[in-house]
Amino acid sequence: MAQKVAVLGTGKIGEALLSGMIRGGWAPADLLVTARRPERAAQLRERYGVEAVTNAEAAEAADTLILTVKPQDMGALLTELAPHVPADRLVISGAAGIPTAFFEERLAEGTPVVRVMTNTPALVDEAMSVISAGTHATGDHLRRAEEIFAGVGKTLRVPETQQDAATALSGSGPAYFYFLVEAMTDAGILLGLPRDKAHDLIVQAAIGAAVMLRDSGEHPVKLRENVTSPAGTTINAIRELENHGVRAALLAALEAARDRSRELASGNG
């Protein structure tokens with residue numbers, strides 16, 4: 001018998017998951033969605049052929065509930081869901097910074113909860129989704145979460161104690177690269193290139209470097225050394241990056257992101 005999956009609060013990431021599941025072979029008849037606005041529910045129904053229901057109906061009908069509402073709305077959603085969620089339902093949280101204990105305290109005793117931190121490249125099927133088990137989640141529950149999130153990219157299991165670090169590196173990670181591309185594009189303009197050409201050069205360099213990192217099996221130091229000729233242009237640029245403390249700044253930035261994730265998890269918003 002097919003498993004029914006419901007995506008609750010279907011925004012951009014929720015829709016990306018829904019689309020990925022359908023491309024991965026899930027039947028629309030086995031998928032449910034909820035949305036705050038009726039027009040959004042109608043849009044999802046028309047676009048994907050799925051059934052749009054209320055949160056309570058989703059909780060009662062689906063075997064797996066994927067909660068994709070904003071973190072600040074999660075408490076209210078759980079209050080609404082709690083009377084309708086039997087303890088045999090798998091609850092998957094996509095809300096950054098909220099620990100599985102938050103859900104376990106508000107749902108029926110023994111409810112399996114899996115915490116997933118994905119990132120915005122889910123919109124182009126290149127996400128990294130970091131998966132952690134709550135107290136009652138089993139290997140089967142983790143595999144079900146992996147099956148769902150594999151539709152929009154890669155998955156990685158970590159202990160929940162590592163979720164804040166993963167959020168700093170991966171959840172926020174795309175923003176660091178956008179920031180770097182923005183700065184390098186400005187540098188290209190300073191050096192005399194038109195903005196559109198500088199942008200294209202930097203974006204393709206980023207894509208090429210990422211593919212080499214993924215596919216070559218080489219350490220990033222080795223790949224960098226392959227570009228760095230003695231007394232050449234690259235080593236002069238690297239020297240300036242080191243002189244300006246770029247490596248130390250990155251370490252400090254990621255520690256700050258990790259610390260903020262911890263604050264959010266403890267309820268200090």
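Let's start with E15 and R47. Their side chains meet in a salt bridge, with N and O 2.5 Å apart. A salt bridge here is a side-chain nitrogen of Lys or Arg within 4 Å of a carboxyl oxygen of Asp or Glu. Why pair at all? Side chains of opposite charge can pair when their charged atoms come close.

Before going on, a word on the model. It is a predicted model, where local features need pLDDT of at least 70, side-chain atom pairs count only at pLDDT 80 or more, and totals for chains, interfaces and linings use all residues. Residues are numbered from 1 along each chain as its sequence is written, and side-chain values use heavy atoms, with hydrogens and water left out.

Back to the pair. E15 lies in helix α1 and R47 in helix α2 (residues 38–48), so the bridge ties together parts that are 32 residues apart in sequence. Helix α1 covers residues 12–23. Helices are DSSP runs of H or I, at least four residues, numbered from the N terminus.

Is E15 buried or exposed? E15 is buried, with a relative accessible area of 12%. R47 is partly exposed, at 46%. The cut-offs: buried is under 20% relative accessible area, exposed is over 50%, and partly exposed is in between, using a 1.4 Å probe and protein chains only.

What does E15 touch? Leaving aside neighbours within four places in sequence, E15 is in contact with T10, R40, L44, R47 and Y48. Contact means heavy atoms within 4.5 Å.

Now the other salt bridges. The count comes to 16. One of them joins R195 and D186, with the closest N and O atoms 3.5 Å apart. D186 is partly exposed, with a relative accessible area of 38%. Another links D215 and R214, at 2.8 Å between the closest N and O atoms. Both D215 and R214 are exposed. Bridges can also share partners: E15, R40 and R47 are joined into one network that way.

Next, N55. UniProt lists N55 under "binding site", in an unreviewed entry. Take care: such annotations may be inferred rather than shown by experiment. N55 sits in helix α3, residues 55–61. N55 counts as buried, at 16% relative accessibility. Not counting residues up to four places away in sequence, N55 touches L8, T34, L77, E80 and L81. With T34 there is a polar contact, side chain to side chain, at 2.9 Å. A polar contact is a pair of N or O atoms within 3.5 Å; within protein, one must be able to donate a hydrogen and the other to accept it, and residues adjacent in sequence count only if both atoms are side-chain atoms.

Last stop, the surface. F177, L180 and M184 make a nonpolar patch of about 320 Å². Patch residues have over 30% relative accessible area and no salt bridge; nonpolar side chains are joined within 5 Å, like charges within 9 Å. L180 is in helix α8, residues 173–190. L180 is partly exposed, at 45%.

How values were computed
Areas by Shrake-Rupley, 256 points an atom, 1.4 Å probe, with all protein chains shown as cover. Helix = DSSP H or I, 4+ residues; strand = E, 2+ residues; numbered from the N terminus.
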